[in-house]
Amino acid sequence: MSPLHLSFYAAFTLSSLGLAFHRTHLVSALLCLESMMLSMYITLSIWPVENQMASSTLMPMLMLTFSACEAGTGLAMLVATTRTHGSDQLHNLNLLQC
């Protein structure tokens, strides 16, 4: 495994561990999700170049589009949660109370 692949796998793993273990604020969860998407985007961008394939060049653009939609939705949820509950801490959010 090359050091480039190892760094992208490590970035994805660390961001997923951060999402799993540091769930105190919604902002930190959104940052972990964005770093996961960024590492997946860079990996999907480099993969066709390494394999000399021209047919897989559309996949990174689709990933970037979905990542932008996810970021917009996450920020809208952050603003709505902060307005209704007064903070962005995840322990204040309970679906049974809504």
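**Ground rules.** I number residues from 1 along each chain as its sequence is written, and side-chain values use heavy atoms, with hydrogens and water left out. Because the model is predicted, local features need pLDDT of at least 70 and side-chain atom pairs count only at pLDDT 80 or more, while totals for chains, interfaces and linings use all residues.

**Helix α2.** I looked up α2 at residues 26-51; helices here are DSSP runs of H or I, at least four residues, numbered from the N terminus. I checked its length: the 26 residues should span 38 Å at 1.5 Å a residue, and the end C-alpha atoms are 38 Å apart, which agrees. The expected span is 1.5 Å times one less than the number of residues. I then listed its buried residues (under 20% relative accessible area, 1.4 Å probe, protein chains only): Leu26, Ala29, Leu30, Cys32, Met36, Ser39 and Pro48. They pack against α1 (3-21) and α3. Just past the end of α2, I noted Gln52 with a positive phi of about 50 degrees.

**Helix α3.** This one covers residues 59-85. Its 27 residues reach 38 Å from first C-alpha to last, close to the expected 39 Å. Here I found Pro60, Met63, Ser67, Gly74, Leu78 and Thr81 buried, and these pack against α2.

At what angle do α2 and α3 pack? I read about 175 degrees, with the axes 9 Å apart; axes are lines fitted to C-alpha atoms over the stretch in contact, and angles run from 0 to 180 degrees between N-to-C directions. That makes α2 roughly antiparallel to α3, a label for angles over 145 degrees. In the contact (heavy atoms within 4.5 Å), α2 supplies residues including Leu30, Glu34, Met37 and Leu44, and α3 supplies residues including Met63, Ser67, Gly74 and Leu78. I sorted the contact residues into 16 nonpolar, four polar and two charged.

**A closer look at Ser67.** Ser67 sits in α3 and, at 10% relative accessibility, counts as buried. Leaving out residues up to four places away in sequence, I see Ser67 touching Glu34 and Met37.

**Against the record.** UniProt, in an unreviewed entry, places "transmembrane region" at residues 6-22, 29-49 and 61-80. I found residues 29-49 to be 100% helix, with end C-alpha atoms 31 Å apart. Residues 61-80 are also 100% helix, with ends 29 Å apart.

Note on methods
Helices (H or I, at least four residues) and strands (E, at least two) are DSSP runs, numbered from the N terminus. Angles under 35 degrees count as roughly parallel, over 145 as roughly antiparallel, 65 to 115 as roughly perpendicular and the rest as oblique. Ala, Val, Leu, Ile, Met, Phe, Trp, Tyr, Cys and Pro count as nonpolar, Asp, Glu, Lys and Arg as charged, and the others, Gly among them, as polar. UniProt positions are given in the numbering used here, feature names are shortened, and annotations may be inferred rather than shown by experiment. Buried means under 20% relative accessible area, exposed over 50%, partly exposed in between (1.4 Å probe, protein chains only).
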